[in-house]
Amino acid sequence: MRELAAKHQRDQGVTVAGGKEITTRPVILSTPDDPSAIYFVVGRTLQVQKNYFKNREFSFTLKDDIYVRYQSFTTQNELEKEMQKMNPYKIDIGAIYSHRPNQHNTVKSGTFQALEKELVFDIDMTDYDDVRSCCSAADICTKCWTLMTIAIRILDRALRDDFGFQHLLWVYSGRRGVHCWVCDEAARKLSVAARSAVAEYLSLVKGGEETVKKVVLTDPIHPFIKESLVVVDQYFSQYALKDQDILGPKESVDKVLALVPEDVRKTLQQDFQNEKKPEARWKLLVDQASRKQGTAKKGQYFEKEIMLQYCYPRLDVNVSKGVNHLLKSPFSVHPKTGRISVPIDLKELDRFDPFAVPTISIICEELDRPVAEEDIKPEDVKDNEQDAAERRKIRDYKRTSLAKYVRYFDQFLDGMAQSWKGELLKKSDLQKEF
């Protein structure tokens, strides 16, 4: 796909001229007649790593869980051919390294280092098993999927408003969770310590299976937690009280009451004998919390702690803090479900249905359907078979249910490119480089 290749070259600060690549500082952008080339006015050398794509790690998981790490490729075409040859069940993306990953055994010990990688977050539904009753393990349904919606809402707001990141790509994992790729330059270059600090800032639910109370709030409540509670409050009644019925069955009620002070617990146990409706029971609990807050010397926020324990995002901190950690590639196929790992448009977040995501079988069926003559464009019929084949590739995805996801991904890339150009032009103006 020449346009995609050109976009990649543009993003890496590469000028294509006469078949040669030179790293430049773009000052003025122009679009030539040849769509496969992106030209920049050549100025001083741009401080962008020339071998950005070549030094990116790809990992393939083959049949029988055979992992092939430290794959790297010179071109997009080389990557495509290797994928066709090895037919991986799973594709992961890693960091940008100081040397080509496929040569990591040949470089001097200690010199092969991960230089940068997108700041990533992995949210898995299995981490919520103690607070969802509809499903468990790898199973999901529309009821518990609300947890992923809440997680995206909370984390996206925090990463943008609290940390100032702009380029966030949310991706459905293909089975039971979501991934976030924070692609800002500042995020890509964060150290392990800084990544850990961001992940810890966003982590609120602490403790393993043996920990009963996993959220403890203190005075004053942090503004980030207050903002998170605003999001949770929008979904709590429908998700927790109705869909999960946390104040219905005795076992569920006991789990909730274990999170309140003992004196309040006894009062609520008596009150609940006369009130069976979950919404009314929750109101009784909130009223008790208000009374407690009015008389206690220190903050009593057990109703908020319950809301957060049942709904707040549960992060795998290890995924976020490691620069060399791998994460599943967007648009890859989940080996267990066959679903495509598609980007999620936040404008459509509340309507996103993981069960409506296209599968590899559906895509194959759509591609196998005959192309109507009126859909064949004149430019596709060329003497140059290679050019025609490339155009057919681009057109083919538009015939499938992947089209809307690819369009959204293109919009995301365009936003990154525009931001990148703006920063470079700003630097050029500041340095009086024309």
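A: **A sheet and its helix**

In this predicted model, 64% of the contacts between residues at least 6 apart in sequence join residues at least 24 apart. The chain has 14 helices and twelve strands, and buried residues make up 47% of its 434 residues.

The part to look at closely is an open sheet of three strands, which are arranged in the order 9-11-10 and pair in the antiparallel sense. Its edges are formed by strand 9 (119-124) and strand 10 (168-172), each of which pairs on one side only. On average, and with direction ignored, neighbouring strands of this sheet are turned by 15° against each other. Helix 3 (residues 146-162) packs on the sheet, where it touches strand 9, strand 10 and strand 11, and the direction of helix 3 makes about 165° with that of strand 10.

Within the sheet, strand 9 and strand 11 (residues 177-182) run antiparallel and are joined by six bridges; at one of these positions, Asp124 has Gly177 in strand 11 as its bridge partner. In general, strands of a sheet pair through backbone hydrogen bonds, either parallel or antiparallel.

Elsewhere in the chain, another antiparallel pairing, over four bridges, links strand 5 (residues 56-62) with strand 6 (residues 66-71). There, the bridge partner of Phe58 is Gln71 in strand 6, and the hairpin of these two strands has three residues between the strands, with Asp64 taking a positive phi near 65°.

Key. Residues are numbered from 1 along each chain as its sequence is written. This is a predicted model: local features need pLDDT of at least 70, side-chain atom pairs count only at pLDDT 80 or more; totals for chains, interfaces and linings use all residues. Side-chain values use heavy atoms; hydrogens and water are left out. Two strands pair if DSSP finds at least two bridges between them. Axes are lines fitted to C-alpha atoms, for helices over the stretch in contact, and angles run from 0 to 180 degrees between N-to-C directions. Contact means heavy atoms within 4.5 Å. Buried means under 20% relative accessible area, exposed over 50%, partly exposed in between (1.4 Å probe, protein chains only).
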